[in-house]
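Me: I would like to go through some labels used for this model and see what each one rests on. Please set the values against the definitions.

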Amino acid sequence: MIEIENLHKSYGKKEVLGGVSLTVRDENILGLVGINGAGKSTLLRLLAGVLRADAGSIRFDGEEIFDNARKKRELFLLPDEPYYAADTTAAKLLALYSAFYPIDLARYEEYEEKFHLARRAPVRTFSKGMKRQLFVAIALACRPRYLLLDEAFDGLDPLARLEFKRGLIRLQEETGSTVVISSHSLRELEDICSEFALLDGGTVAAAGDIRGTLDSVHKFQVALDREPRREDFPFELLSFEAEGRVARFVARGDRDEILHKVEALSPLFVEEVAVDFEELFLCEVKARGYLQ
């Protein structure tokens, strides 16, 4: 289990994280979301022990992670832009990571074949997507107890994204790994993550079970015999827009109670529309003033 308590991190005078507290349960895939600059990459580097926090604590199974070389062998961080030298090849990367992790070479070769990766060619000659496929293959082959992924789907084509998602689920089922993954591809996160954490303003603004959270929000399209106003709808609105006599809104609360209050307005029609994780995220960030 990962326990983060009152974590602070600044770069000079710029505070990036100002009191992050979060628990990541074992054998869980958690999606870390937030707008650009919210601190997702910083948090992942702190979790990996690459950066030292200014204050607060990070514990893996009750142990502090910074300067804990033994515990770090259970972690694998795949950053947004992994470093490699000019003459680095996949073969050299495998040799390097083998010094720290018990790499499952058969598993790597499986992804090497699926992704059509050249083992002896310089990594610098790879396309962006091929570089990401290479490091994804290595990460999955290392089979870590804790896998930390920063913008993991960036550069991957749809087929590679599908293979990656299958690989993460397979890794978790086979080894019980815990995964923390940041991405702007929210539909991909919805497919594989059981929980999420939204970083905003240097703290965790919202967190919880993805399915349960989505079940608590409801989207409706309603037509009245007059122009609808926001105040006509007496419940918690995450978003609201009106055009002519039609209102569209996302509300949080009990579905039947919301519907009862809508029907009390004698609507001309009511239509319920499914809400996905991406729309929920947009509602949350819009409510915080980031989108107009």
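Helix contacts and two residues

Reply: In H3, the residues Ala90, Leu93, Leu94 and Tyr97 meet Leu134, Phe135, Ile138 and Cys142 of H5, where contact means heavy atoms within 4.5 Å. The residues of this contact are 8 nonpolar, no polar and no charged; Ala, Val, Leu, Ile, Met, Phe, Trp, Tyr, Cys and Pro count as nonpolar, Asp, Glu, Lys and Arg as charged, and the others, Gly among them, as polar. The model is predicted: local features need pLDDT of at least 70 and side-chain atom pairs pLDDT 80 or more, while totals for chains, interfaces and linings use all residues. Residues are numbered from 1 along each chain as its sequence is written, and side-chain values use heavy atoms, with hydrogens and water left out.

Me: Why are H3 and H5 called roughly parallel to each other?

Reply: The axes of H3 (residues 90-98) and H5 (residues 128-142) cross at roughly 30 degrees and come within 11 Å. Angles under 35 degrees count as roughly parallel, over 145 as roughly antiparallel, 65 to 115 as roughly perpendicular and the rest as oblique. H3 and H5 are therefore roughly parallel.

Me: What makes H4 roughly parallel or roughly antiparallel to H5?

Reply: The axes of H4 (residues 105-115) and H5 cross at roughly 155 degrees and come within 8 Å. That angle makes H4 roughly antiparallel to H5. The contact is made by Arg107, Tyr108, Tyr111 and Phe115 of H4 with H5 residues including Gln133, Leu134 and Ala141. By class, the contact of H4 with H5 has 9 nonpolar, 1 polar and 1 charged residues.

Me: How do you know whether Ser182 is buried or exposed?

Reply: Buried means under 20% relative accessible area, exposed over 50%, and partly exposed in between (1.4 Å probe, protein chains only). Ser182 has 0% relative accessibility and so counts as buried. Ser182 lies in strand S8 (residues 178-182).

Me: What makes the pairing of the Ser182 and Asp150 side chains a polar contact?

Reply: A polar contact is a pair of N or O atoms within 3.5 Å; within protein, one must be able to donate a hydrogen and the other to accept it, and residues adjacent in sequence count only if both atoms are side-chain atoms. The side chains of Ser182 and Asp150 are joined at 2.8 Å.

Me: Why is Asp254 called partly exposed?

Reply: Asp254 has a relative accessible area of 44% and is therefore partly exposed. Asp254 sits in the loop between strand S13 (246-252) and helix H9 (255-263). The side chain of Asp254 reaches the backbone nitrogen of Glu257 at 2.9 Å.

Note on methods:
Axes are lines fitted to C-alpha atoms, for helices over the stretch in contact, and angles run from 0 to 180 degrees between N-to-C directions. Helices (H or I, at least four residues) and strands (E, at least two) are DSSP runs, numbered from the N terminus.
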